[in-house]
Structure formats: structure tokens, C-alpha cells
Amino acid sequence: MIESIKRLVGTDKSQPRTREELIAKIRQSPLPEHVAIITDGNGRWAKKRGLPRTAGHAQGMKRVREIIRAADELGIKVLTFYSFSTENWKRPKDEVEYLMKLPSEFLKTDLQELIERNVKVQMLGEKSATPSYTQSALMEFEERTKHNTGLILNFAINYGSRDEILRAVRQMIEDVQNGHIDKDRIDEELMSSYLLTRGLPDPDLVIRTSGEIRVSNFLLWQLAYSELLFTDVLWPDFTQEHFFLAVEDYQRRSRRFGAV
Ligand code: V0D
């Protein structure tokens, strides 16, 4: 269990609380605008049960769906999932193939609900390296939800933060050379505008499941001031309640330490 959640549960004398009480309480305090999640532990979850790793990914996708609903219900503005890193190509071929089918799977089961929820789906990362059936599912999500004004849902697919920063630097140098920008005008705001997250607020809260205490090339520039929450819970076991408690933990931490 999340260390800070253990602490929270242990010190909260008003236990037990219903889901609705928890949500109502959370909505009384400032929310994190942007929550980003590293969804780790699908393989380990499956191994513990003697199942193929792909079974962990299937259960992981169900949790993605539940957390989208929870974030939408709370009124969070941006939710980002680190679904596939540039490193993940090194996994067994059949596992990569399975992962690449998930977006089209998700399209069949969830696009309608996301449209009804007014969710806007966006991608971070280089789509062009993925198979054509993956690309068309991703494009259909983006296309069919591009005018929506509710929750912004980002999937980082084939994403790596150092690569993102390098591309930004190269583009900025080109724009200095062709006179579009002035070298002396390069500041944090301009740099942010060259990143894939342009236009989005930086993550306020980053959650990583499954016990690893690293950021692993995820949003390195953007998480300069983020609250980080690491939990031993494996992603396929991460429920809405874990999410609500994580947000509540964030609220307690940001009250204590102020905005920075
Ligand atoms: C596996 C846990 C949803 C993380 C969740 C291609 C690892 C299940 C999507 C998805 C993955 C992506 C884009 C989109 C709609 C859905 C997804 C991948 C992996 C990598 F528009 N789950 N999911 N994509 N997993």
C-alpha cells in the first residue's frame, strides 16, 4: 500500500468512509489539475497468478478505464498515462504485438463513453513507429474527440523524455537560424512550448505503481515541481479508491508545503 496512504488511513479517525463521502471531501479542496501515471506492474501481476504477461495488460486496461472515470468524476483537467515507452520495444515480440492492439481494442469498447463524457484524447510520442492499425486507432480517438472540452486524456505511446527534449532543442536551433526566434528570448516558457506537452499544465501529481522509485525518462522537464507518489500496488490492482486516496494525499501535501 502507498506509504503515505497507510499513514493517512492510520491517522484518520473518521474511518470508514464511503466512496461518495471521499469524493465529496476531495472536491472541497483544490484538485491537482494534471495527474500523470506510470502504470507499472502488469507483468508481475500476471506472473504471481501464473498467467501470461498479456493477461496483466488486459487487466491493466480495465484499470485505465476505471481511473479515467474517477478522474472525470472528480473534475480533474488533465490525465496522462505512460502506456508505452521507447524502451518497451525491447520486450518479446508477441507482447509488443499485444500491446499495440490495445488502442484499437479500447476504441471498440470505450470511444463512445469517452465521447459522452466530453473527454478529449491526445497522444504524446512518435506514433509513426507503431503498426498502421495502432496508428489508425490513435488517430480515430484524436479525430473523434478533438472538439471535446472536458477531461484531457493523454496517452504517452512510444514516448521518451530525453528524446522529446532533444527534438525541442534541434527545432529551437533551427528556428533561431531561420530567424523565427531570438536566442536571447529563449526562456522556460518558450522551451515548454517546444515540448509535446505544449499548452498543457505541468503535472501536479505523478503516481508510479509497482514499487519502482524512479521516473524512467517520463516528462523530465515537466515534473520539476510535481508531487511524486510511489506505491507498491501493482497497476492491475490499482482501484478508484487508491486513486482517490492518492489525490487526497496530494491535497494534504500541497497544503503543507505551499504551491512550490
Ligand atoms: C498496457 C496499462 C490503453 C499500461 C494499461 C500501446 C500498459 C494497458 C491504451 C490506449 C496499454 C492507448 C491509446 C488510446 C487508447 C487506449 C493502451 C498501450 C498499452 C500501448 F488512444 N491501455 N493501454 N495503450 N496498456
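Which residues lie nearest the centre of the largest pocket? They are Thr-39, Asn-42, Tyr-82, Ser-83 and Phe-84, out of 37 residues that line this pocket. The model is predicted, with local features needing pLDDT of at least 70 and side-chain atom pairs counting only at pLDDT 80 or more, while totals for chains, interfaces and linings use all residues. Residues are numbered from 1 along each chain as its sequence is written, and side-chain values use heavy atoms, leaving out hydrogens and water.

A pocket here is an open set of points on a 1 Å grid over the protein atoms alone, where a 1.4 Å probe fits, with protein on both sides within 12 Å along at least five of seven lines; lining residues have an atom within 4 Å of a point. The largest pocket holds about 770 Å³ of space, a volume being the space filled by probe spheres set on the points. Helix H3 (42-48), helix H4 (53-74), strand S2 (78-85), H5, H6 and strand S4 (152-159) each give at least two residues to its lining. Helices (H or I, at least four residues) and strands (E, at least two) are DSSP runs, numbered from the N terminus. The lining comprises 17 nonpolar, twelve polar and eight charged residues.

Two of these helices, H5 (residues 93-116) and H6 (residues 132-145), pack at an angle of about 20° with axes 8 Å apart. H5 is therefore roughly parallel to H6, a label for angles under 35 degrees. Axes are lines fitted to C-alpha atoms over the stretch in contact, and angles run from 0 to 180 degrees between N-to-C directions. The contact (heavy atoms within 4.5 Å) includes Phe-106 and Leu-107 of H5 and Leu-138 and Phe-141 of H6. Its residues divide into eleven nonpolar, three polar and four charged.

H5 also meets H4: their axes come within 11 Å and cross at roughly 30°, so these helices too are roughly parallel to each other. Among the contact residues are Met-61 and Ile-68 of H4 and Leu-102 and Phe-106 of H5. By class, this contact has nine nonpolar, three polar and seven charged residues.

Note on methods: Angles under 35 degrees count as roughly parallel, over 145 as roughly antiparallel, 65 to 115 as roughly perpendicular and the rest as oblique. Ala, Val, Leu, Ile, Met, Phe, Trp, Tyr, Cys and Pro count as nonpolar, Asp, Glu, Lys and Arg as charged, and the others, Gly among them, as polar.
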